[in-house]
Amino acid sequence: LKNNDIILSKNGYPYKVAIAKVEPGQKILANGNLYIIEPDENRVNPYYIKAYFDSAQGIAVLKNISVGTTIPNIGVDKLKNIAIPLPSMEEQNRIAEKYQATLNEIVRLKNELASAVDKLHTIFDEECQEKTLWCKENLCDISHKNQKYAILLVRTIIGGTIYVNAG
């Protein structure tokens, strides 16, 4: 692969599209389940092509040239004959920049989400550490290493209500 090559999965809808990021001196080989499109970067912006393939219009074109029902795939002859609208480089670059900015926003939001999920999983431990859990109604406290734990044994569920027997 070369830097900025467009990678397209051959098999399995929805098709995946990516832009290769190859560092100098790095060698990456693609497997046989991928098409590698080497764009002429003097005529086309690779991110413009990715934006096209990820658009409703591009998805429809890829779906339209697919064959097979169980595992749809794209034939190379049909792929070579796709007509992609090609505006000026200035317009391609504008679309590509907007597309990349949105990709960057998605990465940022995914990172924020992952951080929030991690925080969600630690709230109980952080809030209950060094604190006492008090016995309420059907809960019974059990002390262990200066920490109180409530143990619930679920007896039955009747009409959406959980009845517990503390033990």
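Predicted model: local features only at pLDDT ≥ 70, side-chain atom pairs only at ≥ 80, totals over all residues.
1. Lys 50 is buried, with a relative accessible area of 10%. The side chain of Lys 50 meets that of Asp 54 in a salt bridge, with N and O 2.7 Å apart. Asp 54 is partly exposed, at 33% relative accessibility. Both residues sit in helix H1, four residues apart, so about one helical turn separates Lys 50 from Asp 54.

2. Now the overall layout. The protein has four helices and nine strands. Along the sequence they run β-β-β-α-α-β-β-α-α-β-β-β-β. The protein has 167 residues, and 22% of them are buried. Take the contacts between residues at least 6 apart in sequence: 53% of these join residues at least 24 apart.

3. Next, the largest nonpolar core. This core holds 20 residues. Which of them touch the most other members? They are Leu 8, Ile 49, Phe 53, Leu 62, Ile 74, Leu 79 and Ile 82. Four elements each supply at least two residues of the core: strand E1 (6-9), strand E2 (17-19), helix H1 (46-54) and helix H4 (89-128). H1 gives the most, with six residues. This is the helix that also holds Lys 50 and Asp 54.

4. Leu 62 shows how the core is joined. Set aside its neighbours within four places in sequence. Leu 62 is then in contact with Leu 8, Tyr 15, Phe 53, Ile 74 and Ile 82. Among these partners, Leu 8, Phe 53, Ile 74 and Ile 82 are also on the list of core residues that touch the most other members.

5. Then the largest pocket. How much space lies in it? The figure is about 450 Å³. The pocket is lined by 17 residues, and the closest to its centre are Ile 37, Ile 49, Leu 79, Ile 82 and Ile 84. Strand E3 (34-37), H1 and helix H3 (76-80) each give two or more residues to the lining. By class, the lining has 13 nonpolar residues, four charged ones and no polar ones.

6. Ile 49, Leu 79 and Ile 82 are among the lining residues closest to the pocket centre. Ile 49, Leu 79 and Ile 82 are also among the core residues that touch the most other members. H1 takes part in both: it gives six residues to the core, and two or more to the pocket lining.

7. Back to charged pairs. Side chains of opposite charge can pair when their charged atoms come close. The count of salt bridges comes to four. One of them joins Glu 38 and Lys 2, with the closest N and O atoms 3.1 Å apart. What does this pair tie together? Glu 38 lies in the loop between E3 and H1, and Lys 2 in the segment before E1, so the bridge links parts 36 residues apart in sequence. Glu 38 is exposed, with a relative accessible area of 52%. Lys 2 is partly exposed, at 49%.

8. Glu 90 and Asn 45 are 45 residues apart along the chain, while their C-alpha atoms are separated by 9.7 Å.

9. Two backbone details deserve a look. The peptide bond from Tyr 13 to Pro 14 is cis, with omega near 0 degrees. Pro 14 is in the loop between E1 and E2. The other detail is Asn 4. Its phi is positive, about 70 degrees, although Asn 4 is not a glycine. Where is Asn 4 found? It is in the segment before E1. At 13% relative accessibility, Asn 4 counts as buried. Lys 2 lies in that segment before E1 as well.

Methods: Residues numbered from 1 in each chain as written. Heavy atoms only, no water. Core = buried A, V, L, I, M, F, W, Y, C linked by side-chain atoms within 4.5 Å. Buried < 20%, exposed > 50% of the residue type's maximum accessible area, 1.4 Å probe, protein only. Contact = heavy atoms within 4.5 Å. 1 Å grid on protein atoms, 1.4 Å probe; cavity = no way out; pocket = protein on both sides within 12 Å on 5 of 7 lines; lining within 4 Å. Points joined across faces, edges and corners; volume = space filled by probe spheres on them. Nonpolar A, V, L, I, M, F, W, Y, C, P; charged D, E, K, R; others polar.
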